[in-house]
Amino acid sequence: MNLIVKSISLLTLLALLLPLPGFSADPPRYERSVETYVIPDVVLINQDGNRVRLKELLETDKRVVVDFIYGTCTTICPILSAGYAHLQRKLGNESESVRLVSITIDPENDSPAVLKDYLKKYQAKPGWDFLTGSRNDIERVMTAFDAYFRDKMNHQPLTFIRSPKDGKWIRLYGLMSGIDFLDEYNKAGSN
């Protein structure tokens with residue numbers, strides 16, 4: 001009798017662990033949507049201390065990739081930044097055809113010198129800018145991208161890719177592999 005109960009329990013457990021037909025056992029790695037954003041006409045400061053008009057920087061004939069990170073982050077920011085570095089390496093000489101933009105969510109602490117050191121740590125090539133500015137301007141940008149985080153400790157893994165063909169933004173929520181990121185980048189150029 002004990003053997004029968006154990007067998008039934010084992011079969012029940014196995015049935016619970018097996019995926020049902022039509023359902024994936026693996027959850028999606030990231031979520032993708034296509035959005036339209038109105039970029040605020042603010043002036044931010046890049047890692048070299050230069051003033052940059054954000055609207056002009058992002059509304060270009062190149063593909064643009066944007067994320068929101070900060071220099072002392074030890075959670076998702078290093079992963080997002082490694083994705084940028086990987087993309088630049090994979091594109092090689094073609095990396096000049098994309099504009100990578102990281103915008104700090106901690107402008108009180110992320111000075112141009114901190115931003116420059118951060119980019120150096122990731123061996124960033126030309127074409128990757130890290131921007132800071134006033135708290136008000138940073139919040140306007142985050143709100144425009146529907147990426148406002150009240151507290152930097154609760155920020156989300158968001159990446160935005162703009163296609164120069166139609167000006168639409170691909171919004172990617174979640175942590176992607178380098179292969180997924182490169183695939184999404186390539187899709188943005190083929191719209």
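## Starting at Leu57

Leu57 sits in helix H2, which covers residues 54-58; helices here are DSSP runs of H or I with at least four residues, strands are runs of E with at least two, and both are numbered from the N terminus. This is a predicted model, so local features need pLDDT of at least 70 and side-chain atom pairs count only at pLDDT 80 or more, while totals for chains, interfaces and linings use all residues. Residues are numbered from 1 along each chain as its sequence is written, and side-chain values use heavy atoms, with hydrogens and water left out.

Back to Leu57: it is buried, with a relative accessible area of 10% (buried means under 20%, exposed over 50%, partly exposed in between, using a 1.4 Å probe and protein chains only). Not counting residues up to four places away in sequence, Leu57 touches Val52, Val64, Arg99, Val101, Asp129 and Leu131, where contact means heavy atoms within 4.5 Å. Take Arg99 from that list: Leu57 and Arg99 are 42 residues apart in sequence, but their C-alpha atoms are 8.3 Å apart in space.

In soluble globular proteins, nonpolar side chains tend to be buried together. Here, the largest nonpolar core has 50 residues, and Leu54, Phe68 and Phe145 have the most contacts inside it. H3 supplies the largest share of this core, with six residues. (A nonpolar core is a set of buried Ala, Val, Leu, Ile, Met, Phe, Trp, Tyr and Cys residues joined through side-chain atoms within 4.5 Å.)

Leaving out residues up to four places away in sequence, its contacts include Ile103, Ile105, Val141, Phe145 and Phe160.

Twelve aromatic pairs turn up in a search of the whole structure. One of them is Tyr37 with Phe160, an edge-to-face pair at 5.7 Å centre to centre, with 80° between the planes. Tyr37 lies in the loop between strand S1 (31-35) and strand S2 (43-45), and Phe160 in strand S7 (residues 158-162), so the pair ties together parts that are 123 residues apart in sequence. Both Tyr37 and Phe160 are buried. As for the rule, rings of Phe, Tyr and Trp (its six-membered ring) pair if their centres lie within 6.5 Å; planes under 30 degrees apart are stacked, over 60 edge-to-face, and the rest tilted.

There is also an aromatic cluster made of Tyr84, Tyr118, Tyr122, Trp128, Phe130 and Phe181. Elsewhere, Arg63 lies over the face of Tyr185, at 3.9 Å from the ring centre; a charge counts as over a ring if NZ of Lys or CZ of Arg is within 6 Å of the ring centre and within 35 degrees of the ring normal.

## Helix H4 and its two sides

Helix H4 runs over residues 112-121, and Leu115, Tyr118 and Leu119 are buried in it. Those three cover an arc of only 95° around the axis, so they sit on the same side of H4; the arc is taken from the directions from the helix axis to the C-beta atoms. On the other side, Asp117, Lys120 and Lys121 are exposed.

What covers the buried residues of H4? The cover includes S2, strand S4 (63-69), H3 and strand S6 (128-131). After H4 comes Gln123, whose phi is positive, near 50°.

## Salt bridges

The whole structure holds ten salt bridges, each a side-chain nitrogen of Lys or Arg within 4 Å of a carboxyl oxygen of Asp or Glu. One joins Lys55 and Glu59, with the closest N and O atoms 3.4 Å apart. Lys55 is partly exposed at 28% relative accessible area, and Glu59 is partly exposed at 40%. Another links Glu139 and Arg135 at 3.9 Å, N to O. Those two are about one helical turn apart, because they are four residues apart in helix H5 (residues 135-144).

Lys187 and Glu184 also meet in a salt bridge, at 3.8 Å from N to O, and they are three residues apart in helix H6 (residues 178-189). Is Glu184 buried or exposed? Glu184 counts as buried, at 1% relative accessibility, whereas Lys187 is partly exposed, at 32%. Arg32 and Asp183 join Glu184 and Lys187 in a network of salt bridges.

Ser95 lies in the loop between helix H3 (77-91) and strand S5 (98-104). Ser95 is buried, with a relative accessible area of 5%. Leaving aside neighbours within four places in sequence, Ser95 is in contact with Gln88 and Lys125.
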